[in-house]
Amino acid sequence: MTLNKVKYRDFIAPLLVGLIIWLSSPIKPASVSMNAWHIFAIFVATIIGCITRPLPIAGVAIVGLTLTVLLGIVPMDTAVAGFGSSTVWMIAMAYFMSRGFINTGLGRRVALVFVRLFGKRTLGLAYALIGVDLVTAPATPSNTARAGGIVYPIIQSLAETFGSDPKDGTQSKIGSFLVFAEFHGDLITSTMFMTAMAPNLVAVTLAKSLHITLSWMQWFLAGIVPGIICLLIVPYLIYKMYPPEIKDTPNAKQWADDELAKMGKMSLPEKIMGGVFLLALVLWMLSSFIGLEASLVAFMAVSLLLIAGVLSVDDVLHETGAWNTLVWFSILIFMANELNSLGFIPWLSGAIGGALKGFSWGIVLAALVLFYFYSHYLFASGTAHVSAMYGALLGVAVSAGAPATFAALMLGFTGSIFASTTHYANGPASVLFGSGYVTQGKWWQLNFVLGLFYLVVWGGIGALWMKVIGIW
């Protein structure tokens, strides 16, 4: 057996920053307790570790948890309390559901059907692929799994069919456009549904620690109008700014027909998977009205898939993405909750709020959204960014007088659209940029323009829509 690779040099930054904060406790604010200051030091070090990644994120989080107990900041029972969060387990269950989409082939079949229906033109292909992302998003909390596991293989096959390959310099024929359009389609669907990516659920949990409860339906209703606007307009904008050389794709329909013919008739496991997914979607939409917890809906769906034989226990045990997320998410929830309960977040919110005193809550919230969005250039993980800033920024907004639910949702949406920045912004960016179809310069340039568009749509039209439906 050989030792696993550990990037020890990447421990330097988190350790150095953590130690500086820890040792600066003599000059900490008098209203902040020593334990609050020390867990803040470990939390910051853990977040930086999630960015530099000397170990995978789960490994960094375990080291952080160990230090909080070893150094006597909290007892072990408190440290592991985060593993009992229903939100954490809902994410894990949704990961298992997404495995059903991939294992049964239902995700691929849906993608091929969309291509057959809308794929006569290249722009239509982009809308078709984004439609697949939209359909699977509510039950797939890994936006990387959607973009990389379900949609990208279809893009790759289509690109090969039309002779578009970055290896021979023909990526701009069709592949570059489809890859970049799918990245933004995935970004938009991740913003529309609470359960479409893990950072959304981190935000929901942090909001709950500030006594602000967000339901699945509430998130969906608030995001549907700006989401639909973006789904309709953004692919067209990309088509104009980054046009493919091939505009018409008459062969796409035939290719999709051939692939569907190879798959044969819809199998029983696919039908069961589709039925369970629709049931879960309906129950999630109704959960806030019928008093059914969203996490229980996810457990019910996975239980049905296990009983029906669509998923096996081995599938569940080997779904490493679910268990990895469960570990780091639980630990970050614990740390964030401790920062709040020990008084650090209330102090920080009050301090920032005091500095912004005299400004209306609208100006304060707008400034926070812009800061939150553009600070993502410094982060290589949406989860790390949301965990680090969401709770504090929400506290500032509320202390400035912003309606609590409105502020929570606005910052929640920003935690998804800020991926329109870099090629390392989130998992889908890493996967799709890594395919080689889009250059780094083009990725940053187009994302900057589309980022401005998202801020206007979600921050402007989205705010007006939330006013119409009574959120503020």
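**Notebook: aromatic rings and a surface patch**

I began with the rings and found that the structure holds 26 aromatic pairs, where rings of Phe, Tyr and Trp (its six-membered ring) pair if their centres lie within 6.5 Å, and planes under 30 degrees apart count as stacked, over 60 as edge-to-face and the rest as tilted. I looked up one of them, Phe413 with Trp458, which is tilted at 4.9 Å centre to centre and 55° between the planes. This pair links distant parts of the chain, 45 residues apart, with Phe413 in helix α20 (residues 404-417) and Trp458 in helix α22 (residues 440-468); helices here are DSSP runs (H or I, at least four residues), numbered from the N terminus.

I noted that the model is predicted, that local features need pLDDT of at least 70 and side-chain atom pairs 80 or more, while totals for chains, interfaces and linings use all residues. Residues are numbered from 1 along each chain as its sequence is written, and side-chain values use heavy atoms, with hydrogens and water left out.

I then checked burial (under 20% relative accessible area is buried, over 50% exposed, partly exposed in between, with a 1.4 Å probe and protein chains only). Phe413 is buried at a relative accessible area of 2%, and Trp458 is buried, also with 2%.

I also recorded a cluster in which ring pairs link Phe180, Phe183, Tyr242, Phe433 and Trp443.

Last, I turned to Leu70, found in helix α3 (residues 57-70), and saw that Leu70 is exposed, with a relative accessible area of 66%.

Conventions:
Helix = DSSP H or I, 4+ residues; strand = E, 2+ residues; numbered from the N terminus.
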